[in-house]
Amino acid sequence: MAGVPEGDSVTIGKLKQIQAQFAKERDWDQYHSPRNLLLAMIGEVGELSEIFQWKGEVQRGLPDFKEEEKVHLGEELSDVLLYLVRLSDICGVDLGKAALRKVELNAIKYPAKASKEVANKEDGIENSTSADNGTD
Ligand SMILES: [Mg+2]
């Protein structure tokens with residue numbers, strides 16, 4: 001696909017397949033119980049958190065991070081994602097389908113117009129006519 005970064009074309013299904021094959025080749029299926037995978041994922045969330053620990057708030061795009069810190073961040077984000085995909089697979093949950101359903105539920109729970117009005121009030125921004133007619 002022209003203009004689309006290669007990573008964006010990776011599907012949850014492909015990651016699921018790769019993870020299943022990886023575990024099978026190492027005879028690790030015996031260790032991949034839901035509980036073990038959940039605890040492993042939480043451990044990786046801890047490793048991910050360590051990257052941001054003590055840094056205070058950081059800017060989007062992480063302009064103050066060194067290149068090796070960004071590489072490390074990618075590794076820890078991947079560890080969390082891969083365990084999440086594996087956990088979903090082992091539990092028999094279609095993660096892509098479940099995620100899309102959850103987005104739909106969130107859209108019902110937090111209608112865009114009402115949520116934007118609340119956010120603007122919290123930011124001290126008066127509701128304007130442009131926000132009300134969707135032109136902003
Ligand atoms: Mg890790």
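This is a predicted model: local features need pLDDT of at least 70, side-chain atom pairs count only at pLDDT 80 or more; totals for chains, interfaces and linings use all residues.
Tutor: Let us begin with a term. A crossing of two helices is called left-handed when the near helix is turned anticlockwise from the far one by less than a right angle, and right-handed when the turn is clockwise.

Student: How is the packing of two helices described?

Tutor: Two packed helices are described by the distance between their axes and by the angle between those axes. Consider helix α2, residues 34-52, and helix α3, residues 67-91: their axes come within 9 Å and cross at roughly 160°. Angles over 145 degrees count as roughly antiparallel, and α2 is therefore roughly antiparallel to α3.

Student: Is the crossing of α2 and α3 left-handed or right-handed?

Tutor: The crossing of α2 and α3 is left-handed. The residues in the contact of α2 with α3 can also be sorted by class: 16 are nonpolar, 1 is polar and 6 are charged.

Student: At what angle do α1 and α3 cross?

Tutor: The axes of helix α1, residues 12-25, and α3 come within 9 Å and cross at roughly 85°. Because angles of 65 to 115 degrees count as roughly perpendicular, α1 is described as roughly perpendicular to α3. On the α1 side, the contact is made by Ile12, Leu15, Lys16, Gln19 and Ala20; on the α3 side, by Leu82, Val85, Arg86 and Asp89. By class, this contact of α1 with α3 has 5 nonpolar, 1 polar and 3 charged residues.

Student: How should I read burial, and what share of the residues counts as buried?

Tutor: A residue is buried if 20 or more other C-beta atoms lie within 10 Å of its own, and exposed if 12 or fewer do. Of the 136 residues of the protein, 6% count as buried.

Student: Where is Asp29 placed, and which residues does Asp29 touch?

Tutor: Asp29 is in the loop between α1 and α2. Setting aside residues up to four places away in sequence, Asp29 touches Ala23 and Lys24. With 11 other C-beta atoms within 10 Å, Asp29 is exposed. Asp29 and Ile90 are 61 residues apart in sequence, yet 9.4 Å apart in space, C-alpha to C-alpha.

Student: Finally, what is the mean pLDDT of the protein?

Tutor: The mean pLDDT is 89, and 88% of the residues reach 70 or more. Over residues 127-136, however, pLDDT stays under 50, and the model has 8 contacts beyond four places in sequence for that stretch.

Note on methods: Residues are numbered from 1 along each chain as its sequence is written. Axes are lines fitted to C-alpha atoms, for helices over the stretch in contact, and angles run from 0 to 180 degrees between N-to-C directions. Helices (H or I, at least four residues) and strands (E, at least two) are DSSP runs, numbered from the N terminus. Angles under 35 degrees count as roughly parallel, over 145 as roughly antiparallel, 65 to 115 as roughly perpendicular and the rest as oblique. Ala, Val, Leu, Ile, Met, Phe, Trp, Tyr, Cys and Pro count as nonpolar, Asp, Glu, Lys and Arg as charged, and the others, Gly among them, as polar. pLDDT is the predictor's confidence in each residue, from 0 to 100. Two residues are in contact if their C-beta atoms, placed from the backbone, lie within 7 Å.
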